[in-house]
Structures are given as C-alpha cells and as structure tokens.
Amino acid sequence: MTLQEIKDICLKNNIKVTGDFIEFNKSTPNFQLTKNFKLQEFLTKNTKDTHTIISLKIILELQILRTLFGSPVAISSSYRSVSYNRSVGGATASAHIKGLALDCYPINGDIKSWFNIVFNNKKTGGIGQYATFVHIDVANTRFWRG
C-alpha cells in the first residue's frame, strides 16, 4: 500500500485530507483504512474532544511494521491536543500533538518481539521503548527508553 492509496481511500470516504494529514472524529464513519487497521483505531483517546489529526505517513509505517510482525497490534495513544497531552504527562514538544506519533503494543503480549521488529526495520523517526508499548513517530530520528 502506498501513501497515495491511503489518501484515495480517505477521500473516497469523505475524510478531510490536507497534505499528508487526515482529520476526523468519533462521529466519522468507520471503515477499513489499511489491510489491518480501521480508521477509528487512530482516533484520539481524549474523550472530551475527539477531533483527531494524524499523519498518513505514521499510519502507513504502522501497517508496514504490523505486516512484518505478523500479529495484531493495538494503538494506545495517537493524536493529543495540547491540553490533553499535558493532562497525560506528555512531553511539551511531543510528536503526538502534531499528529506524527503512535504508541502501540502487540495484542499477543510479546512486547520484546514487537520492539525488535520496530527497532530493526524503522530507519527514520523516533522510537521509544517502554515496558508495555512502543512509541513510533515520523518526526526527528532518535531512540530512548522510558
């Protein structure tokens, strides 16, 4: 799947596309966005304001990594508004507030194997290793342990 194919799917489903970003909310109809992910899986976890802006590049990257992993992956955090990011203790300059990041974890619980897939295959952007999830982003290339 390519970035353009994801854009086309979004446009076909009346999702606002601006450059390489999409905007939607919880009232947006859910549909299959990529082979393994539906649109609403990328919805912010902020229950007060469900407006979500997310990079199509991070969606495509997650799908590629998920395919390599060969097992379901869930998203624990995606886009965060500045106020929501503050409320969950996120970094002031978090890539989440720009729609460039996802925190994700393997459904099968094998966090070590999921991290290894991400670490060995992600060439640019950020990788954060945590006990229960892996942070990926399409911002600056860096690695950290949380």
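## Helix H2

The expected span of a helix is 1.5 Å times one less than its number of residues. In this predicted model, helix H2 covers residues 56-69, and its 14 residues should therefore span 20 Å. The end C-alpha atoms of H2 are 20 Å apart, in agreement with that expectation.

At the start of H2, the backbone nitrogen of Lys57 has a side-chain oxygen of Ser55 within 3.0 Å. After the helix comes Gly70, with a positive phi near 80°. H2 is mostly covered, with ten of its 14 residues buried. Among them are Leu56, Ile58, Ile59, Leu60, Leu62, Leu65 and Phe69, and also the residues Glu61, Gln63 and Arg66.

In soluble globular proteins, nonpolar side chains tend to be buried together. Here the largest nonpolar core has 30 residues, and Ile22, Phe42, Leu62, Trp114 and Ile136 have the most contacts inside it. At least two residues of this core come from each of H1 (3-12), S2 (21-24), H2, S4 (73-77), S5 (101-106), H4 (111-121) and S7 (134-137). The biggest contribution is that of H2, with seven residues.

Leaving aside residues up to four places away in sequence, Trp114 touches Leu62, Leu65, Arg66 and Phe69, together with Val73, Cys104, Tyr105, Pro106 and Val134.

## Cysteines

The structure holds zero disulfides. Cys10 is in none, and the nearest cysteine sulfur, that of Cys104, is 19 Å away. A disulfide requires sulfur atoms within 2.5 Å, so the 19 Å between the sulfurs of Cys104 and Cys10 is too far for a bond.

Cys10 is buried, at a relative accessible area of 0%. Cys104 also counts as buried, with 0% relative accessibility.

Terms used. Residues are numbered from 1 along each chain as its sequence is written. This is a predicted model: local features need pLDDT of at least 70, side-chain atom pairs count only at pLDDT 80 or more; totals for chains, interfaces and linings use all residues. Side-chain values use heavy atoms; hydrogens and water are left out. Helices (H or I, at least four residues) and strands (E, at least two) are DSSP runs, numbered from the N terminus. Buried means under 20% relative accessible area, exposed over 50%, partly exposed in between (1.4 Å probe, protein chains only). A polar contact is a pair of N or O atoms within 3.5 Å; within protein, one must be able to donate a hydrogen and the other to accept it, and residues adjacent in sequence count only if both atoms are side-chain atoms. A nonpolar core is a set of buried Ala, Val, Leu, Ile, Met, Phe, Trp, Tyr and Cys residues joined through side-chain atoms within 4.5 Å. Contact means heavy atoms within 4.5 Å.
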